[in-house]
Amino acid sequence: MSIAFDCLPNARDLGARDPLERNASLIRRAFELAAQQPYGFTFEDLEQIEAYRMQRAGTFSALAFSTLDCVASLTDGRRFHLAYGAGPHRPDSVTVRQMVTTEPFPSIGASGRLSPWIDDVAELNHRLGLPLIPPPPVPVILPLPARH
């Protein structure tokens with residue numbers, strides 16, 4: 001897996017060898033590029049990453065261009081899907097799409113080259129410097145009183 005990301009500028013520049021640190025670096029870069037688009041948000045507006053996924057690096061051709069997708073929740077309640085891509089002979093770029101609040105994560109395309117969504121993101125959010133968002137409270141179901 002490290003071979004696939006050694007060509008990415010942020011992974012190489014930061015010397016990140018830990019996969020989570022590499023992913024955090026790529027997400028930061030995606031937000032830098034997204035800030036230049038007309039959606040009006042920056043990394044400072046990020047509340048949490050809900051999920052992310054990487055392109056599988058199974059063949060040499062897949063190593064030429066690598067992608068990271070993430071679904072991000074912003075502090076104002078908006079959600080976005082960011083698709084970041086970079087490669088040795090292409091400038092890095094990001095595609096940004098606003099999502100409806102209840103919209104599920106985008107599906108894997110017909111090519112199936114993207115890995116499934118990773119939604120265990122507490123450590124990644126921590127690496128990004130985001131505060132821990134506790135899970136919602138579990139509802140307590142009390143037994144009904146017995147009728148006599």
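Me: Does Glu32 count as buried, partly exposed or exposed, and at what relative accessibility?

Reply: The model is a predicted one, and the values here are computed from it. Buried means under 20% relative accessible area and exposed means over 50%, with partly exposed in between. Because its relative accessibility falls between those limits, Glu32 counts as partly exposed, at 44%.

Me: Which residue forms a salt bridge with Glu32?

Reply: Side chains of opposite charge can pair when their charged atoms come close. With the closest N and O atoms 2.9 Å apart, the residue that forms the salt bridge with Glu32 is Arg29.

Me: Is Arg29 buried or exposed?

Reply: The limit that matters here is 20% relative accessible area, under which a residue is called buried. Arg29 has a relative accessibility of 19%, and therefore it counts as buried.

Me: Which element gives the most to the lining of the largest pocket?

Reply: The largest pocket has a volume of about 150 Å³, and its lining residues divide into six nonpolar, three polar and two charged. Strand S1 (46-54) and helix H5 (122-127) each supply at least two residues of that lining. With three residues, the element that gives the most to the lining is H5.

Terms used: Residues numbered from 1 in each chain as written. Predicted model: local features only at pLDDT ≥ 70, side-chain atom pairs only at ≥ 80, totals over all residues. Heavy atoms only, no water. 1 Å grid on protein atoms, 1.4 Å probe; cavity = no way out; pocket = protein on both sides within 12 Å on 5 of 7 lines; lining within 4 Å. Points joined across faces, edges and corners; volume = space filled by probe spheres on them. Helix = DSSP H or I, 4+ residues; strand = E, 2+ residues; numbered from the N terminus. Nonpolar A, V, L, I, M, F, W, Y, C, P; charged D, E, K, R; others polar. Salt bridge = Lys/Arg side-chain N within 4 Å of Asp/Glu carboxyl O. Buried < 20%, exposed > 50% of the residue type's maximum accessible area, 1.4 Å probe, protein only.
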